[in-house]
Amino acid sequence: MRTQVAIIGAGPSGLLLGQLLHKAGIDNIIVERQSGDYVLSRIRAGVLEQITMDLLEQAGVAQRAHAEGLPHHGIELLFKGERHRIDMHKLTGGKQVMVYGQTEVTRDLMDARAAAGLSTVYEASQVSLHDFDGTQPRVRYVKDGVTHEIECDFIAGCDGYHGVSRASVPAGSIHEYEKVYPFGWLGVLADVPPVSEELIYANTSRGFALCSMRSHTRSRYYLQVPSEDKVENWTDALFWEELARRLDPAARERLVTGPSLEMSIAPLRSFVAEPMRFGRLFLAGDAAHIVPPTGAKGLNLAASDVGYLSGALIEHYREHSAAGIDHYSARCLSRIWKAERFSWWFTSLMHRFPETGEFGQKIQEAELDYLIHSEAASTSLAENYVGLPMVHSN
């Protein structure tokens, strides 16, 4: 097989890249080691920045997000038992975020790809990348016991933290930065109405909590738990009891409980791999970086990577220019490190750190008090939360 761009991974970043390239007339094949149903079963983020919405529009797949998504103009910070609203819309000159589940983004992109008759290989095993340091990269995989090979101009590694793409880069060519946090998020998805119209981020002496949603009838809740905790230690009843303890009285009164559709614990880490380009192989999304979910940046960073990469590849084919390709890694990393900083800061501000004790809790509460009473500090939070602009200058 021959294509212009071989994309490894059929998550939202790989599918979005494929759709943007298709719209520009650039041929691509996606290779995914899991089944389509498995990809759709992954419960992930649901807060989309304006940049992500713009890219979905560019790809022609934003109709359902606009129809069913929930535009949010603010968030609420809960500390010392009281809630305080950050008006992002006002503080950023009219910007907002859209609450729309990553699963739904993936479904929309899958449907668009199928409607266009584009090639996606699911359940591809033994995927391997070859010769991306030269001019004729190849992707090899096994499907139904038969070995296949794709010849291409470029390879886009959109296959996540554990994927083959980053692992294929020679060890000395990549520098990895990592911070592992001493806690995780116990998450529950339930078909119950949200406790609030906007997200509530709670800092409490019992630990962090987040009240989020997927729709007017489906809620997503999280609790900070020790990193060694196990899902088996929790029941639905225990989860709802602990969540109620971490809410203010008004939210506790409004909390509707119900059976969980899904319960899982996600570890928290910050991770960046540099650079993100190796010859004709490009890393994008979780293959190159992970952020704690506190700032809702994971999917949005992946989308901005894809925005830069699609633009660079379109420039290469249309204008025979290598400028976008040559600057891809630097442009992405400039935005990534700002998002890493924000996610680390917000995580540090809202979570209970065992080693800092009561002093640490008081410092957090003082900073939160300053944050809600200082327009400059509130604006900084709002600007970062709605998403910093993509910059194309070098």
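1. The crossing of H10 and H11 is right-handed; a crossing counts as right-handed if the near helix is turned clockwise from the far one by less than a right angle, and left-handed if anticlockwise. The axes of H10 and helix H11 (residues 323-350) come within 9 Å and cross at roughly 165°. Here axes are lines fitted to C-alpha atoms, for helices over the stretch in contact, and angles run from 0 to 180 degrees between N-to-C directions. H10 and H11 are therefore roughly antiparallel, the word used for angles over 145 degrees.

2. A word on the basis of these notes: this is a predicted model, in which local features need pLDDT of at least 70 and side-chain atom pairs count only at pLDDT 80 or more, while totals for chains, interfaces and linings use all residues. Residues are numbered from 1 along each chain as its sequence is written, and side-chain values use heavy atoms, with hydrogens and water left out. Helices (H or I, at least four residues) and strands (E, at least two) are DSSP runs, numbered from the N terminus.

3. Do look at the residues between H10 and H11. On the H10 side they include Leu 301, Tyr 308, Leu 309 and Leu 313, and on the H11 side Ile 325, Tyr 328, Arg 331 and Ile 336 are among them; contact means heavy atoms within 4.5 Å. By class, this contact has 11 nonpolar, four polar and four charged residues. In this scheme Ala, Val, Leu, Ile, Met, Phe, Trp, Tyr, Cys and Pro are nonpolar, Asp, Glu, Lys and Arg are charged, and the others, Gly among them, are polar.

4. Helix H10 itself covers residues 298-319 and reaches 31 Å from its first C-alpha to its last, close to the 32 Å expected for its 22 residues at 1.5 Å a residue. The expected span is 1.5 Å times one less than the number of residues. Of the 22 residues in H10, 17 are buried, meaning under 20% relative accessible area, with exposed over 50% and partly exposed in between (1.4 Å probe, protein chains only). Just after H10, His 320 has a positive phi of about 55°.

5. H11 also packs against helix H12 (residues 357-373), at an angle of about 120° and with the axes 9 Å apart. Trp 345, Ser 348, Leu 349 and Met 350 of H11 meet Gln 364, Glu 367, Leu 368 and Leu 371 of H12. That contact has five nonpolar, two polar and one charged residues.

6. Helix H13 (residues 375-386) is also worth a look: its end C-alpha atoms are 16 Å apart, in agreement with the 16 Å that its 12 residues should span. Its buried residues include Leu 381, Asn 384, Tyr 385 and Val 386. Gly 387 follows H13 with a positive phi near 110°.

7. Around strand S9 (residues 125-130), start with Val 127, which lies in this strand. Val 127 is buried, at 16% relative accessible area. Beyond its neighbours within four places in sequence, Val 127 is in contact with Ile 8, Val 31, Val 139, Arg 140, Tyr 141 and Val 164.

8. Glu 123, in the loop between strand S8 (119-121) and S9, has a positive phi near 55° and is partly exposed at 49%. Asp 131, in the loop between S9 and strand S10 (138-143), has a positive phi of about 60° and is partly exposed at 38%.

9. Finally, a cis peptide bond joins Glu 274 and Pro 275, with omega about -10°. Pro 275 is found in the loop between strand S17 (260-274) and strand S18 (277-278).

Technical notes. Angles under 35 degrees count as roughly parallel, over 145 as roughly antiparallel, 65 to 115 as roughly perpendicular and the rest as oblique.
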